[in-house]
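Trainee: Could you walk me through this one? I'd like to learn how to read it step by step.

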Amino acid sequence: MVNQPMENSETKISIESQLPYRTLKGVWKWISEVSAVGLVLFYIYCAGFGTAGEQYHVGLYLLLTFVLIGLLYRFRQSSPESRPSLADGVLIVMTICTIGYWIVEYNTLANRAGAYSRIDVLVGGLAVLLSLEYSRRTVGWALTIIVAGGILYALFGRSMPSIIAHRGFTLRRIVEYSFFSQAGIFGIMANVMATYVILFIFFGAFLEKSGVGQFFIDLPMALAGRTVGGPAKVAVVASGFFGSVTGSAIANTVATGAFTIPLMKRTGFRPHIAGAIEATASVGGQFLPPVMGAGAFIMAERTELPYSYIALVSVIPALLYFFSVWVMVHLEAKKWGIKGLPKEELPHLPTLLKRQWYCLLPLVTLIAALIAGYTASKAAFFGILATITVSYFRRETRLTPKRLWEAMVTGAKNSLAVGGAVGSIGVIIAVIDLTGLGRIFPGLVLSIAGSNGVIAILLLAVASLILGMGIPVTAAYLITSELAVPILTSDQIGISFIAAHLIIFWLSQDSNITPPVALGAYAGAAIARADPWRTGWACFKFAKLLYVMPLLFAYTHILFDGTLLQNVLSVGTAAVGTFIFSIVTMGYFRKKTTWLEWILLAIAALFAYIYNVYTFVLALAMLASVYFMQKRRKST
């Protein structure tokens, strides 16, 4: 096993010091931890033995999440560090009253739908304001401003430009629709978070605490550590392993990057490149099965397709993404002459597998449960049980009651960043539904793109990037898909329903790694002690397949929706196209490419992606010609 350099431990300390949570003490620490453990236990129980009624299933999730945010996230920078402020206490009491009211009065509210009392509307209004405040604390002002803008749009629809105008609604009607309808605060986002997403966040916390997460770093070290640019390839594979069971790009970057980034720097990778490689690879965990990002569970809910089907058709695209990053990393290392790690610093693969083979059991259990037809939540339940079981195979990794408690507290805390945005996202969806913007926006885009799907996808990529600058990836996917899927599936464009959702899902990931707002890249930069801006642009280079794959979803059979021959040809052409595209992106093959070689390779990549046997053969011929051109000329 590699001895981690001192820089690694220093990085961990600096990351912990930048966490947004308070360090609560005394009775407040126990209140927060009991609330966190209660949240985890309730939803693990529901996953294993059946959910409670909707009012409890969704209501308790929002109630406990908002209370924990009130306890752990400061109202402002000057707020107390070791206890909640008076303002926090008032907000927590208001939260308990408003969401408690919705839970207790659930059946009564359903019976008087459309004839809500003043107290109903008052409670709903407070819930909207609380949602704005909690999203401000967890994800910043941007989402709060977007929600405020949406409410103003709903209020003053008659005064808007004719292309987006509507009849306008009273504040009372907006509050009613946001609080009481299935499109609002207690709608799809809250339901998916409570049913699926938090369980996999908890699963990731159990993996980390049990030591299984370390195995996902040791195994890539043994497999790829000695190869050219070994630590960077370890980052790619480790992020794939770890991300495939956590589905969180930023958590993945911090968890694996604290180990891999110092190693990359030590072997010769420039700091901003090291941070970028880790962040780019970590984004891949968002769409690598068995556990994809939270958006994938929302996709399953909205498309009414089994999650297992969405995961299955996502395997090849995800592997192609990691293949692209792997090739770029290899070429980057070749360009700078970066070697692998010494053999004596690496785990011995047979010994590692002999001693810790069982660490694969939680992942195998999860996959087996999904293949067997269990729901994603039930599969997560089995995965958590398997993790607890395998932790007892070695004394030093056992999840004792104390470590179990710590894992549950960590899992609950990890869920708050996304959970804090749930209410505000619900208000946005409610406004889109209420005002008819979901029907107006497609017409606007189609008036520009016409029947050209490529232009439509490019416009939606820009819209997704802009939206993602201020809100989490999951929120960007949910809001953009609400507006964009009708565009892509329209008669003019004609893209399939599942392909349209996957296009938006992939495009929404770019806000994690594309400047000016690139939270994943900035997390990598913090660990690497690199310039965040340079790290972000390096991420943009390494992750360029994010912008190619949506076109393959639209115009090839990469989602296995054709005949056997069409499916095989789609995968083959995509793999070769991705290989050539990666060379073009790096400007390096056997040697640095000349302008002529670069142009030939760019044309070859385009020909390979076109999905045609003849252009595919031509692409291979052009690739071979560049190979021999570089072989004959002297090294530059």
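This is a predicted model: local features need pLDDT of at least 70, side-chain atom pairs count only at pLDDT 80 or more; totals for chains, interfaces and linings use all residues.

Trainee: What radius of gyration does the chain have, and what would a compact globule have?

Mentor: The chain has 636 residues, and for that number a compact globule would come out near 26 Å. The chain agrees with that, with a radius of gyration of 25 Å.

Trainee: Are H14 and H24 roughly parallel or roughly antiparallel to each other?

Mentor: Helix H14 covers residues 294-303 and helix H24 covers residues 473-488; their axes cross at roughly 30°. Angles under 35 degrees count as roughly parallel. Therefore H14 and H24 are roughly parallel.

Trainee: Which residues of H24 does H14 meet?

Mentor: On the H14 side you'll find Ala-294, Gly-295, Ile-298, Met-299 and Arg-302. Their partners in H24 are Thr-474, Tyr-477, Leu-478, Ser-481 and Glu-482.

Trainee: And His-501, is that buried or exposed?

Mentor: His-501 sits in helix H25, and touches Met-299 and Arg-302 as well as Tyr-477 and Ser-481, among others. Its relative accessibility is 2%, and buried means under 20%. So His-501 counts as buried.

Note on methods:
Residues are numbered from 1 along each chain as its sequence is written. Side-chain values use heavy atoms; hydrogens and water are left out. Helices (H or I, at least four residues) and strands (E, at least two) are DSSP runs, numbered from the N terminus. Buried means under 20% relative accessible area, exposed over 50%, partly exposed in between (1.4 Å probe, protein chains only). Contact means heavy atoms within 4.5 Å. Axes are lines fitted to C-alpha atoms, for helices over the stretch in contact, and angles run from 0 to 180 degrees between N-to-C directions. Angles under 35 degrees count as roughly parallel, over 145 as roughly antiparallel, 65 to 115 as roughly perpendicular and the rest as oblique. The radius of gyration is taken over C-alpha atoms; the globule rule is 2.2 Å times the number of residues to the power 0.38. Lists of a residue's contacts leave out its neighbours within four places in sequence.
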